[in-house]
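Subject: Structure handover

Hello,

Here is the structure I said I would pass on. My notes follow below it.

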Amino acid sequence: MSRTATYQIRLDETEKKEAFAIFEELGMTPAQAIRLFFTQVRRTNSIPFAISIPNAQTIQTIEEIEQGKGLNHYQDADDLFKTLGM
């Protein structure tokens with residue numbers, strides 16, 4: 001048997017519970033899921049899923065939303081639909 005190594009990670013409790021529940025649904029342990037991820041990284045020599053980096057326009061839009069710029073506020077759904085002419 002080959003030598004094993006231990007690696008510790010920190011997860012948000014909700015993130016952990018949700019991910020572990022999915023692993024259970026798939027019939028695997030969290031350790032098996034992590035080993036599967038590492039195996040795919042080695043085989044593909046990359047992260048085994050698409051990672052998108054937001055472009056400048058998306059970053060600017062996110063920053064504006066976080067600052068409350070350009071947001072519309074409505075009293076309720078009827079107010080929204082009235083504004084939209086529906």
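Predicted model: local features only at pLDDT ≥ 70, side-chain atom pairs only at ≥ 80, totals over all residues.

Residues are numbered from 1 along each chain as its sequence is written, and side-chain values use heavy atoms, with hydrogens and water left out.

The protein has 4 helices and 0 strands, in the order α-α-α-α; helices (H or I, at least four residues) and strands (E, at least two) are DSSP runs, numbered from the N terminus. Its radius of gyration is 22 Å, well over the 12 Å that the globule rule gives for 86 residues, so the protein is more spread out than a compact globule. The radius is taken over C-alpha atoms, and the rule is 2.2 Å times the number of residues to the power 0.38. The C-alpha trace spans about 70 × 30 × 25 Å along its principal axes.

Of the 86 residues, 2% are buried (under 20% relative accessible area, 1.4 Å probe, protein chains only).

Helix α1 covers residues 13-25 and reaches 18 Å from its first C-alpha to its last, close to the 18 Å expected at 1.5 Å a residue (1.5 Å times one less than its number of residues). At its start, a side-chain oxygen of aspartate 12 comes to within 2.9 Å of the backbone nitrogen of threonine 14. Glycine 27 follows α1 and has a positive phi, near 75°.

Regards

Key: Polar contact = N/O pair within 3.5 Å; in protein donor to acceptor, adjacent residues only side chain to side chain. Buried < 20%, exposed > 50% of the residue type's maximum accessible area, 1.4 Å probe, protein only.
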